[in-house]
Amino acid sequence: RRLSALRDQLADVRATRSAQEPLPMAASAIFDYGEAMLTADIHWTETTLSTLTQDKYDIKKAHKALYAPSAKDFTVVDVPELQYIAVDGEGDPNTSEAYVNAVEALYGVAYAVKFASKETRDFVVGPLEGLWRADDPAAFVARDKGSWRWTMMISQPGWVTEDMVRTAVEGAARKKPNPALGKVRLLTLVEGTCVQILHVGSYDAETPILDRLHNHYMPENGLTFNGDHHEIYLSDPRRTRPEKLKTILRQPVSALRPATPGR
């Protein structure tokens with residue numbers, strides 16, 4: 001109603017001005033000022049109305065630069081503080097029962113939080129993501145999956161709280177017991193400067209890209225590791241052929257410090 005009234009008021013001012021043309025300079029300045037104020041008020045009201053009535057929150061749209069990288073070249077991005085529901089584990093994701101339980105628990109809790117949140121604001125459940133670590137980063141290039149440790153995650157909007165997650169975990173447990181539900185936690189992650197690229201293909205075909213990133217791009221640009229290897233799974237492997245899978249490969253980095261000269 002406010003927006004409609006402002007538009008009507010601006011139309012009236014413009015019609016009154018037109019009917020009195022030509023105007024003295026002082027009168028023209030007063031009309032200019034009035035129109036400028038009404039135009040600014042209309043812009044503010046449109047923006048605020050759009051924010052309050054926008055469609056479901058979708059992290060892929062809210063942070064497009066982070067979820068739509070190039071598949072041709074590495075890009076540097078600044079990743080802000082984001083929160084996730086997360087489960088920690090270790091071992092080969094292809095054979096680990098703990099990994100399967102972790103993913104099922106995350107989706108169960110994510111959808112429970114979504115449905116509980118719909119009363120205030122709805123959101124799109126984000127893609128599955130994973131932080132991967134090993135004592136030696138070369139384990140990723142070598143695909144030594146047995147030595148991998150992981151944190152599987154699904155992003156959560158900023159308004160999701162610990163209490164909402166706990167309630168969702170309890171509800172999911174009543175529907176289907178899962179040992180990983182007790183491990184679900186709300187995680188705040190600050191990755192900062194990262195290098196990322198979109199990989200199209202099977203997970204095991206990531207090796208050449210990771211080798212390029214670790215052994216060429218990073219040293220050539222004076223960068224070193226500053227956090228866990230991060231993967232974002234944009235495709236559902238149950239419905240997508242391996243050669244068509246889309247995965248964002250992200251690596252937090254920092255500037256490589258020059259060696260201190262010896263005495």
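Modeller: The protein chain exposes about 15,300 Å², of which carbon and sulfur atoms supply 54% (accessible areas come from the Shrake-Rupley method with a 1.4 Å probe, and for residues only the protein chains shown count as cover). The model is predicted, so local features need pLDDT of at least 70 and side-chain atom pairs pLDDT 80 or more, whereas totals for chains, interfaces and linings use all residues. Residues are numbered from 1 along each chain as its sequence is written, and side-chain values use heavy atoms, without hydrogens and water.

Now to the rings. The structure holds 8 aromatic pairs; rings of Phe, Tyr and Trp (its six-membered ring) pair if their centres lie within 6.5 Å, and planes under 30 degrees apart are stacked, over 60 edge-to-face, the rest tilted. Tyr111 and Phe115 form a tilted pair, because their centres are 6.4 Å apart and their planes stand at 40°. Both lie in helix α5 (residues 97–117), 4 residues apart, about one turn. Helices (H or I, at least four residues) and strands (E, at least two) are DSSP runs, numbered from the N terminus. Tyr111 is partly exposed at 39% relative accessibility, while Phe115 is exposed at 51%; buried means under 20%, exposed over 50%, partly exposed in between (1.4 Å probe, protein chains only).

Phe123 and Trp159 are edge-to-face, with centres 6.1 Å apart and planes at 75°. This pair links distant parts of the chain, 36 residues apart: Phe123 is in the loop between α5 and β3 (128–133), Trp159 in the loop between β4 (149–156) and α7 (162–175). Phe123 is buried at 1%, and Trp159 is partly exposed at 26%. Ring pairs also link Tyr99, Trp132, Trp148 and Trp150 into a cluster.
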